[in-house]
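I opened a new notebook page for this chain.

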Amino acid sequence: QVQLVESGGGPVQAGGSLRLSCAASGSIFRVNDMGWYRQAPGKQRELVADITNGDSTNYADSAKGRFTISRDNAKKTTLLQMNSLKPEDTAVYYCMMQVKTSIVRGGQYWGKGTLVTVSS
């Protein structure tokens, strides 16, 4: 079993910052890609940013220049630093990890989400 737990969400005023963190636990052989997704009310879940185990990063256009994703392989954690937040960033943010549970087994795992609410 693999569990992902996010933390760091909450209310913030426009222009402010939040840092989300996600930690994986359980039977983990290796973590490949890590990512952050978000889902706003009435909208589909969308990619915010992801990072490979080689530290290559990819950002949604809406996140470029404001958000930074990072990872700590030893701790099996990923962080999303969000600056200059806007009301349109309001959403539930989900952590995703591509986890190998053995050399031959693995899958995609998701956290339960953390709510970010940005007020104007």
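**Entry 1**

I began with Met82 and left aside its neighbours within four places in sequence; Met82 is in contact (heavy atoms within 4.5 Å) with Gly16, Ser17, Leu18, Leu20, Arg66, Phe67, Tyr93 and Val116. I note that the model is predicted, that local features need pLDDT of at least 70 and side-chain atom pairs 80 or more, and that totals for chains, interfaces and linings use all residues. Residues are numbered from 1 along each chain as its sequence is written, and side-chain values use heavy atoms, with hydrogens and water left out.

Next I looked up the largest nonpolar core, which has 29 residues. Such a core is a set of buried Ala, Val, Leu, Ile, Met, Phe, Trp, Tyr and Cys residues joined through side-chain atoms within 4.5 Å. Buried means under 20% relative accessible area, exposed over 50%, and partly exposed in between, with a 1.4 Å probe and protein chains only. Met82 is among the residues with the most contacts inside this core, as are Trp36, Val48 and Phe67. The elements giving two or more residues to it include strand E3 (18-26), strand E4 (30-39) and strand E9 (91-100). E9 gives the most, with 5 residues. Strands (E, at least two residues) and helices (H or I, at least four) are DSSP runs, numbered from the N terminus. In soluble globular proteins, nonpolar side chains tend to be buried together.

**Entry 2: rings**

How many aromatic pairs does a search of the whole structure find? I found 1. Rings of Phe, Tyr and Trp (its six-membered ring) pair if their centres lie within 6.5 Å; planes under 30 degrees apart count as stacked, over 60 as edge-to-face and the rest as tilted. The ring centres of Tyr37 and Trp110 are 5.0 Å apart and the planes stand at 65°, so this pair is edge-to-face. Tyr37 is in strand E4 and Trp110 in strand E10 (residues 106-110), 73 residues apart. Tyr37 is buried at 18% relative accessible area, while Trp110 is partly exposed at 31%.

I then checked Arg45. Its charged end sits over the ring of Trp110, 4.7 Å from the centre. Arg45 also lies over the face of Tyr94, at 3.7 Å from the ring centre. The test is NZ of Lys or CZ of Arg within 6 Å of the ring centre and within 35 degrees of the ring normal.

**Entry 3: sulfur**

I found 1 disulfide in the whole structure, counted as a pair of cysteine sulfur atoms within 2.5 Å. Cys22 and Cys95 form it, with their sulfur atoms 2.1 Å apart. The S-S torsion is about -85°, so the disulfide is left-handed. Cys22 lies in strand E3 and Cys95 in strand E9, 73 residues apart. Cys22 is buried at 1% relative accessibility, and Cys95 is buried at 0%.

**Entry 4: charges**

I counted 4 salt bridges, each a side-chain nitrogen of Lys or Arg within 4 Å of a carboxyl oxygen of Asp or Glu. Arg38 pairs with Glu46, the closest N and O atoms being 2.8 Å apart, and with Asp89 at 2.9 Å. Arg38 is in strand E4 and Asp89 in the loop between E8 and E9, 51 residues apart. Arg38 is buried at 6% and Asp89 is buried at 0%, whereas Glu46 is partly exposed at 36%. Shared partners join Arg38, Glu46, Arg66 and Asp89 into one network of salt bridges. Lys64 and Asp61 also meet in a salt bridge, 3.1 Å from N to O, and both residues are exposed.
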